[in-house]
Amino acid sequence: MALSWNEIRTRATAFAKEWEDETSEDAEAKSFWDGFFHVFWVDRRRLATFEEAVKKNGQRQGFIDLFWKWVILVEHKSRGRDLDKAFTQAIDYFPWIADYDLPKYILVSDFARFRLYDLETNERYDFDLRELPSKVDLFGFIAGYQKRVFAPEDPVNIKAAELMGKLHDAIKDIGYTGHELEVYLVRILFCLFAEDTGIFDRKLFQEYIEQNTKIDGSDLAYHLSALFQVLNTSREKRLKNIDESLDAFPYVNGKLFEEMLPMASFDTIMRERLLACCRLDWSGISPAIFGSLFQNVMDEKARRNLGAHYTSEKNIMKLISPLFLDDLWEEFKTVKKDKKKLEIFHDKLASLTFLDPACGCWNFLVISYRELRRLEMAVIQVKIKGEQQSLSVGDFIIRVKIDQFYGIEIEEFPSQIAPVAMWLMDHQMNMEVGAKFGNYISMIPLTHRATIVHANALMTDWRTIIAPEKCTYIIGNPPFLGSKMMSEWQRNDLLGVFPTVKNAGTLDFVSAWYAKATDYMRDNPKIHTAFVSTNSIVQGEQVGILGKFLIENRIAINFAHQTFKWSNDAKGNAAVYCVIIGFSYDPIKKKRLFVYEDIKGDAHETGAKNINPYLVDAGNIIITKSKKPISDVPQMDFGNMPNDGGNLILSESEKRFFVEKYPESEAFIREFIGAEEFINKSTRYCFWLEWVPPDQYRQIIELLERIENVKKLRESSSREATRKLALYPSLFGEIRQPKTDYILIPCHSSENRKYIPMGFMDKNIISHNSCQTIPNATLYHFGILTSMMHMAWVHSTCGRLKSDYRYSKDIVYNNFPWPEASEKNQEKIKKLAQTVLDARAEFPTSSLADLYDPRTMPPVLVKAHNELDKAVDKLYRPSGFSNDSERVEWLFGMWEKMVW
């Protein structure tokens, strides 16, 4: 189990301090490196060799100071010695190390200085001992983490889509719409890409328009129609007297230009917009997101947030790498030296098939095809190198084809543009082959075509698209829609694939694809699936529905990315929080979990024994609603719900008005606190008229008017329960005010905070239903709830609003396993909890938002929480915990023993 980065940095600081003061010449390297690896919690027994004897060049005996097979080789020198020489000495060992044992890193040091070489990226990092705490992220591979970094998107993609958007609007405005407009634009897009990427001669399309059409655009539509017909006609069937400028265009085939379209019409502005598109260098356009961006061209509203919801290459790689790509590369490394096995592996690449049942414009399939082709190029390179004579790389040796890819898409335009995106990627890969091996492979005339079906994936039997026994992987990014955002037909589709699952209607829409995949894979358990999904499906109540469904169907989660922020470089970037789940009937042994310390950053990879539906390394248990706590602790309840249209609520100035005009009203005006007021230190008030004799307020005309407004509001409600409340218009709709002082916990809290702010409230302060309350609670209860142990539980079990915590009484609090604590230990927690409250009190003008902002949290408060965290950890386990993963695993184990 890996340490957290904060804990590693703390250890690194202590290590650097210890050895910075060590100046003796005879300091022991062994002790130094023992301490160094202890920073990352590495057991020395994991290191394959220490001072391992090897034969160096010249047959002399040598000693590797430290060697961890496959990972790192360390060469250590006395203080002040030459590190370049140390690196050379380390490299000298390589001929005597087996290829399969060679390390990925070399580290040289002289106690005071470090130099790390990444042998895969050829990068070098130099730093002093005192800088180690700030450089520990370089050693994630030692700590059990593996950082995944992907290249950002190119903004030229957005520019291209914006230009096409203007052309689309101009053509649509003349009445050329619907299917015909979609096909027309797809053809233009193909021509734009073709003339800049070598499919056509350079700028052939642009020159044809400039040289053969009038400036006023009056004949442009005629020339485009003629061009489309030529592109669909083989050379031997073209007219003998065809205009040379038209005949210069090649035969495309592939049915792209087959359909006869009605004639469009252009004017000067429209012609100029088309030429503006031509002037852009389309060779810089990524086929990977080509389709997604241009799908938005058709929707003016979507275009205002152009690209906001497309799946970036970075996020696609997060899915396909652990699903299949990493394993294929590893397999390639093991077979590349065996000619027969390499041939079998090449055939395997050509046999893999992929289905995306919510494919949109095929960005997942396009990137998968690209990566498969690049792997095939590596195979071909080895084959060519192994031949005695030169081997020509032509189409005959390219075995991976676009017809290995299948998709289902409900919208017509994406289904039109998807084959084009795939053809463009095919061409791009052929160009890479040409650049690498010196052979040009033409993509036209088109002879292969991916299979895309324009249909509703939830109402279609996927077996009719590709038989399960022929399918290898299912991938994709189904629609991001929460339960409350679905249309009636979408909800019906969802319920249709969960006919026997109770409360399925509360699931996010993406859940339906999990059900369909589960049914499809049953016919071939070897199929592996991965979806990008809304993170709601692994939190709160939805886990009890979808997670239970998957477990009951014996589905195993093979890898997962915990919650991360969806991101790309488009303007209007969508604030969406996602997970990625890879699953199958056939479980893999090496499960992979990608954890985000910063959900807006990159993941760290850790191994897992089992990944449960909460995407944590723990047993397959489901936390269901519990009406009462599973431990012996006070009950939690919601705050009071006004249901009054704001009529019983008062601002500071409104309170002042009533008290000054009607002094007697002060007796029944109470402070009213919700999550907003509690966290941001603001104040509101309310009329609290429960058990107040009517004669005390019957003369207050302004109050009676407010009560009358409440009555009318409730009477006009569509809900019968609310209409009944009109009988009691002077009271809150739902009253749950504690009779004692209580702990208040906001229902929602920012994910940026390490702790959910909570605190004690006087019983006379009226709580709002945006908060939870715990009457009869003590400092001990407060101490446990404000600890990292409880927060680790919150992270895994509570629902989210975007990525913010949505604290649940029945799921989170009532299911939380409390420790068994003696009176002595409880008193210790109480004292430490009071220290937290005292630390807050030192800043009377600061709000809880100020105090718990990680950028401004006072050191005294940080220290108080840290001391409390340590004490609470030890209540659960004497040795404490290194990170949240260990805490969650322990808590899930406790819960399983207490409940299951």
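I started with R124 and D126, whose side chains meet in a salt bridge at 2.7 Å, N to O; the term asks for a side-chain nitrogen of Lys or Arg within 4 Å of a carboxyl oxygen of Asp or Glu. This is a predicted model, where local features need pLDDT of at least 70, side-chain atom pairs count only at pLDDT 80 or more, and totals for chains, interfaces and linings use all residues. Residues are numbered from 1 along each chain as its sequence is written, and side-chain values use heavy atoms, leaving out hydrogens and water.

Next I looked up accessibility (buried is under 20% relative accessible area, exposed over 50%, partly exposed in between, with a 1.4 Å probe and protein chains only). R124 is partly exposed at 45%, and D126 is partly exposed at 39%.

Then I turned to R855 and D853, a salt bridge with its closest N and O atoms 2.8 Å apart. Here R855 is exposed at 73%, whereas D853 counts as buried at 17%.

I also noted E886, which forms a salt bridge with R877 at 3.1 Å between the closest N and O atoms. E886 is buried, with a relative accessible area of 14%.

How many salt bridges are there in the whole structure? My search found 42. I was pleased to find a network of salt bridges too, linking D461, R463, D519, R522 and D523.

My last entry is on pairing in general. Side chains of opposite charge can pair when their charged atoms come close.
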